[in-house]
Amino acid sequence: MTFIALTRKLLRENIREYGMFIALFVIMGVFTITTDGVFISSRNIVNLVNQTGYIAVLAVGMTLVIVIRHIDLSVGFLAGFLGAVAAVALVFWHWPVYLAILFVLGLGVLAGLLTSFLVAHFGIPSFVATLAGWLGYRGALQLVTRNTGTIIIPNDAFNAIGNGFIPDIPIDILPEMHKLTLLLGLLGIVLFVISEVSNRRKMQSYHFEVLPREMFILKLVFISALLGAIAWVLAGYQGLSWTAVVVLAVVLIYDFITTKTVLGRHIYAVGGNPEAAELSGISVKRITYVVFGSMGMLSALSGILFASRLQSATTTAGTLFELDAIAAAFVGGVSAAGGVGKVTGALIGALVMTSLTSGMNLMGIDISYQYIVRALVLAAAVIFDVTTRNTGK
Amino acid sequence: MESTTRTRSPIVELRGIKKNFGAVQALRGVDLMLNHNEVLGLVGDNAAGKSTLMKVLSGAYIPDDGKIFIEGREVRFSSPMDARREGIEMVYQDYALADNLNVAANVFLGREAVRLKLGPIGVMDHHYMEQETKHLLKRLKINIASVRLKVERLSGGQRQAVAIARATAFDAKVIIMDEPTAALSVAAIEKVLDLIRTLKAGGASIIIISHRLEDIYHVGDRMIVLRHGRKVHDSPIEGDIHEFRERAVAYMVGARDDFREETLA
């Protein structure tokens, strides 16, 4: 098989996998050209990453909720409400930052368990149960902020989560660059290459099919270059932001859980066929509690990221986050039929949606048209999902 | 069939099983015995109680009355998992597979092999599960290109084969198959029947519920006929197929009944 034919075959067989990466590249490429390179500038990319953060963590949780055939509309105002609670704990109760964060994350888990109690125990459709949550948390947010209005958070440590950057190594080479970010990028590349090579060796020793050698090398070079480029761009400004660190940690942990652990396998089994899962001894109820509990915790994290970024808790924080998160999850390849969707896809989906907003803002496009463009991208993503499911591999 | 050299001892015994759904008496005191390494065909018209009886044995239903013995020991099941722990596996009519997962994942569904325990979270041993599934498919002569194929990519016969393979994967004592050949093509039916023969040759004890009398005839050792929640016939499968079919139908429609006296008494 010639190299081009092979490439085409791989593309065709993995189009669902590569589709959103290609979409992200196209979108970023187009905006880079239309904004004369401003879009791809270090400063804008760092901003983009920080704006994506609070939606990306929601999209990760939402992906799992949709995988088990549910939906959660309450996450936006829950995030807003819990962000306000964090602000109250810091400003009025004078709690230390770590305690306020742990407290709010715990409340998030409780809120998620409450939702899943309605869903799993009473069998209330999640759409209705979480719509009630949407109303309830909106009210709770207004209650918390009623006397004070916007709560300014004068806490540098807390605000660093949404605005700060990881410290640099104090040495004198490359004065314009953030050295630790470059080092981490390099470390990421090395770890990636080592794990890919050892994985390939293992596969070969078990006689499983692997990519042909030249395609494998191309993949390594491509992804390494991508990681390197991202590290380089970020290092050109102030380096890796704390938000990026938080999001990466969430995605890595959730990716590990969903692909490598029994719990993850059971989540997808429940999504694929709840009756079969139950007959196999998997408790659908327990999985529902776990998935909504995690969604609640990630809502709290989203609220913390957002409050920290704005350095305040506002009366309308979290408005429409749930719809952005759902859109990001669908763009990231989750399927409404259940059982299909990756957390890494959710991150890409969130990046696609924020890139659209950021790029169109830079181009000065009217906000009305922006909504319409995002609508088209969302619809296209779902059409792509439906059509490739039947024909592709 | 009675002349086989293997000692015929019961592996499963059901005694006087009764089950009501409201005013409907689905099972009115059914006795059933399954011997070691025997293939038992369970036949009967719709609503005769075949599926209800098998759901009692597989733990999905709790009987109102009656006793269950496994290898002579009385057991009580309150869930399918209880029955599974006693080595009773059910192959459901709709296969009960997760289409979005691959073959190996389905075989090990709910019983994943773990190579590392991180608190409550177990890290799966993918390699072990894939290798075991490969060996299992090979042993059962099931032809599927890769254990990594998603089940949604398989044909009806292959899906049934995966469902049966899963039931046999964990040293099951008894395998119950609910209509294993319904909704399959002729070629696929032959393959499933071959699979049942392979399982029997490997020592399995099997109960098959089927509307297709010829399937029971071809792979079965004994037949039990249920009618209106009662056992009306229990005999070895012998003779030519036409005679067998006539006999089975006569009992199914109520023209003959071997146990009427007992129940009325």
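In this predicted model, 25 residues of chain A are in contact with 28 residues of chain B, where contact means heavy atoms within 4.5 Å. Chains are lettered from A in the order in which they are written, and residues are numbered from 1 along each chain. Local features need pLDDT of at least 70, side-chain atom pairs count only at pLDDT 80 or more, totals for chains, interfaces and linings use all residues, and side-chain values use heavy atoms, without hydrogens and water.

**Interface of chain A and chain B**

- The two chains bury about 2,300 Å² between them, and carbon and sulfur atoms give 63% of this area; buried area is the accessible area (1.4 Å probe) that two parts lose on being put together, summed over both.
- A:Phe208, A:Arg265 and A:Leu279 supply 29% of the area that chain A buries against chain B, more than any other three residues.
- Seven residue pairs, both at pLDDT 80 or more, are in polar contact across the interface; such a contact is a pair of N or O atoms within 3.5 Å, and within protein one must be able to donate a hydrogen and the other to accept it, while residues adjacent in sequence count only if both atoms are side-chain atoms.
- Helices H10 (242-260), H11 (262-272) and H12 (274-279) of chain A each give two or more residues to the side that touches chain B; helices (H or I, at least four residues) and strands (E, at least two) are DSSP runs, numbered from the N terminus.
- The largest share of that side, six residues, comes from H11(A).
- By class, the side of chain A that touches chain B has 12 nonpolar, nine polar and four charged residues; Ala, Val, Leu, Ile, Met, Phe, Trp, Tyr, Cys and Pro count as nonpolar, Asp, Glu, Lys and Arg as charged, and the others, Gly among them, as polar.

**Salt bridges**

- The whole structure holds 22 salt bridges over all chains, each a side-chain nitrogen of Lys or Arg within 4 Å of a carboxyl oxygen of Asp or Glu.
- Between chain A and chain B the count is zero.
- B:Arg222 forms a salt bridge with B:Glu38, with the closest N and O atoms 2.7 Å apart.
- This pair links distant parts of the chain, 184 residues apart: B:Arg222 lies in strand E11 (residues 222-227) of chain B, and B:Glu38 in the loop between strands E2 (24-35) and E3 (39-44) of chain B.
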